[in-house]
Amino acid sequence: MIKTYHFCLRTLFLYGIVILSVGCSTVNQKKESDRIIDVDDRAIQEIVAENAMVVSAHPIASEIGLQIIKNGGNAIDAAIATHFALAVAYPSAGNLGGGGFMVLRLQNGKTDALDFREVAPKAADRDMYLDKNGEVKEGKSLYGHLAAGVPGSVDGMIKAHERYGSIPLPKLIQPAIDLAKKGVLLTKKEAEKLNKHRENFIKYSSSPPKDFIRKKWKAGDTLFQADLAHTLEQIKERGRAGFYEGEIAAKIVDEMNQGGGLISFEDLKNYQAQWRKPLIGSYKNHKVITMPPPSSGGLALLQMLKMIEDFPVQQWGWQNKKTVHLMVEIEKRVYADRAKYLGDPDFFDVPVNQLLDEIYLIDRIAGFDKNKITASATIGAGLEAPVESEETTHFSIVDTQGNAVAITTTLNREMGSKVVVNGAGFLLNNEMDDFSIKPGHPNSYGLIGGKANAIEPQKRMLSSMTPTILEKNGELFMVVGTPGGSTIITSVFQTILNVVEYGQTMQQAVSLPRFHHQWLPDTIYTEQIGFDKKTHNHLLKMGYIIKKRSPIGKVDAILRREDGKLEAGADPRGDDAAAFY
Ligand code: DON
C-alpha cells in the first residue's frame, strides 16, 4: 500500500499533469500535480550524473566548480572556486564581505566542519543598538556600516585550502577574477535585485558603487566588476594578507570611518575561522553530519529528527494534517530551546549534550496530542536548570572520489548592509542583526534571544545555517542545505523527510512546497501554493493561524543513489543549477 502510494506520488510530482493513472486511484491526481512549485522544466527534471556534481545558486558558479573537479581538483577545491565565483556572479548573497559554514565528509568517512562566521568588532557592545531609554534604534543593525560584522569568508576559504586543498589557491581564485573582468550575464532575478537596491547602495555606501549602479539593469546585461577583480587579485597574490591586511584592509577601515562603522585594522588582522567538531546524530538508519554552534541549525535539525523518528509519518502521508501538526509541534519546542540556550560556544556554555539527549527529546514531545494545539505561549525552553527578503546561498558538491562538501554562506539579508567598500567592489554583511540586540526583541526573521546570543566583542552571532551531509549504511547519501534565515532549519528538515520517508527524488524533495513554524510568532507560514484544501481546513479548525508568504528556502542538494549515481536537487525558486558529468 505504502509502496503504491509512493509510486503514485513520485510519478505525479514528476509529470505535473495527470499522465499516469494506473494504480493511483487513492490519490487525487490533479490536486497533487497542481501543487508543485513553479512547474517549469527545472522543477521536475531528473538530473543524474555518473561522476561528480556541483549544485549552486548560479549556473556559472556551478560550472566553475565542476571544471576544477574535471581538472583533477577535489570537492574542497571546487567549493573554494565556487565560493569565489558566487561572490562575483551572485552578489546578493555570494560574498567576500560575509561569512558561513562548511561541513565536509571525505570519501574515507572522515568528517570536519569549518566555522567562518563573522564576529562582532572589538568595539561592539551589548547595547550598541539601543538608545538612552533602552529602546531599539530601528534599522541600525540592518542598514549601513554599523550592521557589519568582521568578514570571515576569505579566511574560511584559505583555511579550507590549507587543510584539504590539492590545487594551488591562485588557480581556484582565477576563474572568479576572469568572471569579474569579462563580466557576468545577469539573470532577470539578479538584475531586479540590483535595481531594487540601487538607492540603498547610494544611501549607505560612502561613495556610489559605480559597477552596481551604472544603469538600470535588465536580464542579459553584462555586469563588469573591476574593483572586485582587483580585490580578488590581491587575495590571489597575498592570500589572507591580501584581504585582512594592506590595501584592502585599509579600504574596509576607510569605509568604516566614513560611515561610523566599527571594524578596525586589529579586527581584520585578528579574524580567524575555526575548525569545529561536526555534530553527529542519526535518523533511523542514517547518520547525520551537521554544523555545531555558533549555528543553531545542526543542533535544531538533530532535535527535530529525533523527536519525529518514532512517529509513523510515512503512513500518515506527506503534508497530511497529522504530519503537519506533529512537525509544527516539534518545531515550536525546538525554536523555544534555540532562543534560550544557543549562542557562540566560545562565549556561552551551550548545553549541547543535554539538548540532544534522547530522553530529553522524547520527553519533550511526549505531550503531543494529535487533536490539540499546544499554544506557543505555554511552551518554554525545555531544560530545567537555567543556562545562561532575505539572502544567503547554499551549495552542495560531490567529486569523483566521493568527497562531499556542503557550504552555506551569507551577507545575511539581500545585499547585506548595502554598503559596498569603496574601491574594493564588495558588499559588507549585516550579520550583526543575528545577535539578540535586546532580550526578547525579534530580529529580522522574528527570532528572539537573550543572554546566550547577546552582543559581545569578537563573539559570533547565532546562525540558523544548516549545511548537512547524510550517510546511509556507511556510504555518502545526501548533501543538503539552503538559505532562508530562520526557515533554513525547517526546510532542511522537510527535504530530508521528503526523501527518507516519502521516497521522493532529490529534485522533487527540493521543488515541492514547504511550510514553517518557529514557535514565535505562533503561526504556520506556507508558500503561496499552500497546503491542500483538506489539510488547510483541518489545521484551521484546530485553531492554527496560517499565513502565506514569499518562497521558503532555496535548497540545493545532491543525493547519492544506491547505484552510486548522483541525483541533483536544484531549487526552481531561484536560478539554481547543477553542473555535472
Ligand atoms: O545566519 C543566519 O541564520 C542568517 N544570517 C541567514 C540569512 C539567510 O539565510 C537569508 N536568506 N535567505
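**Strands and cores**

Analyst: Strand S3 (residues 99-105) and strand S11 (residues 404-413) pair in the antiparallel sense, with 7 bridges between them. The model is a predicted one.

User: Why are S3 and S11 called paired?

Analyst: Pairing takes at least two bridges. S3 and S11 have 7, so they count as paired. Arg 105 stands opposite Ala 404 in S11.

User: What makes S4 a partner of S3 as well?

Analyst: Strand S4 (residues 111-116) is joined to S3 by 6 bridges, and because at least two are needed, the two strands pair. They run antiparallel, and Met 102 stands opposite Leu 114 in S4. The hairpin of S3 and S4 has 5 residues between the strands, and Gly 109 there takes a positive phi near 95 degrees.

User: Why is S3 described as mostly covered?

Analyst: A residue is buried when its relative accessible area is under 20%. In S3, 7 of its 7 residues are buried, so each falls under that cut-off. Gly 99, Phe 101, Val 103 and Arg 105 point one way, Gly 100, Met 102 and Leu 104 the other. In a regular strand, side chains alternate between the two faces of the sheet.

User: Which residues touch the most other members of the largest nonpolar core?

Analyst: They are Ile 308 and Met 478, in a core of 88 residues. Helix H17 (residues 321-341) gives the most to this core, with 10 residues. Another core, of 71 residues, lies apart from it and includes Met 102.

Definitions and conventions:
Residues are numbered from 1 along each chain as its sequence is written. This is a predicted model: local features need pLDDT of at least 70, side-chain atom pairs count only at pLDDT 80 or more; totals for chains, interfaces and linings use all residues. Side-chain values use heavy atoms; hydrogens and water are left out. A nonpolar core is a set of buried Ala, Val, Leu, Ile, Met, Phe, Trp, Tyr and Cys residues joined through side-chain atoms within 4.5 Å. Buried means under 20% relative accessible area, exposed over 50%, partly exposed in between (1.4 Å probe, protein chains only). Helices (H or I, at least four residues) and strands (E, at least two) are DSSP runs, numbered from the N terminus.
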